[in-house]
Amino acid sequence: MRNRYLILFYFSIFIFFVSCNQGDVTKIDETPTRGNIKIGVDESFQLLAMAEIDAFQSMYKYATINPLYKPENDLFSDFFKDSIRLMITTRKLTPQEEEGLKSNNIIARTTKIAYDALAFIIHKDNPDSLIKFETIREIFSGKLSKWEQINRKSKLKDIKIVFDNPKSANVRFIMERFSLPVQFPDYCAAVNSNEEVINYVEKNKNAIGLISVNWISDKQDTVSNKFLSKVKVVAIGSALGNNEYMLPYQAYIAEKSYPFIREVYMINRESFSGLGSGFTAYVAGEIGQRIILRSGLVPATMPIRLVQFKKE
């Protein structure tokens, strides 16, 4: 009898370890280059994310990345609910958010991958394609609401500001850039996406739209070129108050002279070296940074060279 109990005891221990090992195998079956994950992407960077994911998956045949394109507020909500373990966004976690994750034994890793810019777009027939930085501030603070206040010769009437989404990073960025109160003027509104902003501005001569420059900056992308053909991009005056006006070109983003620049991050909450970690390393690596450069944004981890051409 004693031998039987010993046999049963050791058999139970064996089954226990086998079960544990099988569980570990299931977990580590995902690697930095193999697996199936969902990630969250700020809708502003949909074109960039599509290019990075296509390139990554073409290199690693057993990797499947399913992107969810959402406004910033929804991304962070999904991230904290563990619906996604990786996101591409324009803001870091706050100290309180980091502490909340740490209380659940989660250490989030933040990697800066690019520099982006907020572009202001207008109707193609609107002649006022140069706007001072202080004029932009006065528009959002409610001091300027008509085009004739910007240009006395303008035949347009009321200004209409259009954001991509009320929960987007673009809304938060403008509020923080100008230290605005919670409420925008009543001539500011939001649609549902950057694409809808472009379509709205195309049909409304009095509108000013705010979008990520990524939607119109990739000269090799047919979608980007199609959108750029619909609208005109505004050149913004320097925040220093001089007479220099700048479009959101890569050179001005790289030298940080364009007044509406922001950083782009990948934030990963994986507790092991999984596919999210591998994809982040890829985007921050040489190939991923070259894709960012080609898309019209400025790489954050790869040095770039600015070349100035002089007109004869």
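**Helix pair α2/α12.** I started with helix α2 (residues 46–59) and helix α12 (residues 286–294), which pack at about 145 degrees with their axes 10 Å apart. Axes here are lines fitted to C-alpha atoms over the stretch in contact, and angles run from 0 to 180 degrees between N-to-C directions. Helices are DSSP runs of H or I, at least four residues, and strands are runs of E, at least two, numbered from the N terminus.

I then listed who touches whom, with contact meaning heavy atoms within 4.5 Å. From α2 I found L48, A51, E52, A55 and M59, meeting I287, G288, I291, I292 and R294 of α12. I sorted these residues into seven nonpolar, one polar and two charged; Ala, Val, Leu, Ile, Met, Phe, Trp, Tyr, Cys and Pro count as nonpolar, Asp, Glu, Lys and Arg as charged, and the others, Gly among them, as polar.

**Ground rules.** This is a predicted model: local features need pLDDT of at least 70, side-chain atom pairs count only at pLDDT 80 or more, and totals for chains, interfaces and linings use all residues. Residues are numbered from 1 along each chain as its sequence is written, and side-chain values use heavy atoms, leaving out hydrogens and water.

**Confidence.** I looked up pLDDT (the predictor's confidence in each residue, from 0 to 100). The protein chain averages 90, and 88% of the residues score at least 70.

**Helix α3.** In α3 (residues 72–80) I noted E72, L75, F76, D78 and F79 as buried (under 20% relative accessible area, 1.4 Å probe, protein chains only). Just after α3, D82 has a positive phi of about 65 degrees.

Definitions and conventions: Buried < 20%, exposed > 50% of the residue type's maximum accessible area, 1.4 Å probe, protein only.
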